[in-house]
Amino acid sequence: MKKLVFMILACLIAAPSAMAKDRYISDNLFTYMHSGPSNQFRIIGSVNAGEKVTLVSSDKKTGYSQVVDNRGRKGWVATNFVTTQESMTTRLPRLEKELADVKSKLANASENANKEKAGLVDSLENRNSQIAEMEKSYSDMSQQLTASQTEVRNLRAKLDTQKDDLLLKYFTYGGGVAGIGLLLGLILPHIVPRKKRSPAGWS
């Protein structure tokens, strides 16, 4: 029998603890904490707006909830002043920290982007300079090639002219030699005396 009573008492004590959940008082007000589940009970203190409390139980008939505040006081407050949303006093510092982190990351990203942009600009200028140098070199080579081709054409024309002159000289020399030979062939027999033949026919 004693064991049964002890188990019942243990369950009664443990039940509120099992039901306890974190809740917050609405940010736009502070509310009084009563000793019972209505405003007819005496006020035992007040709970600041946004303060974290532990929900023990709720009375739907009276519209009050039993809570434990951060100082360990247990009392009743109006249920519509209790919310599951985290208070601004807790959220605001975290949001400010997150905002500062985002701003820092954004500033770093912007700085890196500017550095990359400057690097790209320098690289583009170097490429443009190299392209300009290559274009100038190509222009110089084109001019040299044109001059070389012109010189080659002139040399070929000169060579052809020299060939024609040489052939003309060959024909002229050949004709002169042939004419002299012919002339000598006609004149020499008359100039050189013939030898007399012996009576026997032997010289």
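These legends accompany several close-up views of a predicted model.

View 1. Two helices and seven strands make up the secondary structure of the chain. The chain has 203 residues, and 15% of them are buried. Its exposed surface comes to about 16,800 Å², with carbon and sulfur atoms supplying 61% of that area. How much of the contact count comes from residues 24 or more positions apart? Such pairs account for 49% of the contacts in the chain with a separation of 6 or more.

**View 2. The hairpin of β5 and β6.** Here we turn to a pair of strands. Strand β5 covers residues 64-68 and runs antiparallel to β6, with five bridges joining the two. If you look for a facing pair, find Gln 66 in the model: Trp 76 of β6 stands opposite Gln 66. Five residues lie between the strands of this hairpin, and Gly 72 takes a positive phi there, near 85 degrees. Is strand β6 mostly covered or mostly open? Strand β6 spans residues 74-78 and is mostly covered, as four of its five residues are buried.

View 3. Why does His 34 count as buried? His 34 has a relative accessibility of 8%, so it falls under the 20% cut-off for buried residues. A polar atom of the His 34 side chain lies 2.9 Å from the backbone oxygen of Phe 41. Beyond its neighbours within four places in sequence, His 34 is in contact with Asn 39, Phe 41, Arg 42, Ile 43, Ile 44, Tyr 64, Gly 75 and Trp 76. Trp 76, a contact of His 34, is also the residue of β6 that stands opposite Gln 66.

View 4. Which residues make the nonpolar surface patch of about 610 Å²? Leu 166, Leu 167, Tyr 170, Phe 171 and Tyr 173 make this patch. Tyr 170 has its place in helix α2, which runs over residues 88-191. Tyr 170 counts as exposed because its relative accessible area is 52%, and exposed means over 50%. His 34, by contrast, is buried, with a relative accessibility of 8%.

Key
Residues are numbered from 1 along each chain as its sequence is written. This is a predicted model: local features need pLDDT of at least 70, side-chain atom pairs count only at pLDDT 80 or more; totals for chains, interfaces and linings use all residues. Side-chain values use heavy atoms; hydrogens and water are left out. Buried means under 20% relative accessible area, exposed over 50%, partly exposed in between (1.4 Å probe, protein chains only). Contact means heavy atoms within 4.5 Å. Accessible areas come from the Shrake-Rupley method with a 1.4 Å probe; for residues, only the protein chains shown count as cover. Patches are made of residues with over 30% relative accessible area and no salt bridge: like charges are joined within 9 Å, nonpolar side chains (Val, Leu, Ile, Met, Phe, Trp, Tyr) within 5 Å. A salt bridge is a side-chain nitrogen of Lys or Arg within 4 Å of a carboxyl oxygen of Asp or Glu. Two strands pair if DSSP finds at least two bridges between them. A polar contact is a pair of N or O atoms within 3.5 Å; within protein, one must be able to donate a hydrogen and the other to accept it, and residues adjacent in sequence count only if both atoms are side-chain atoms.
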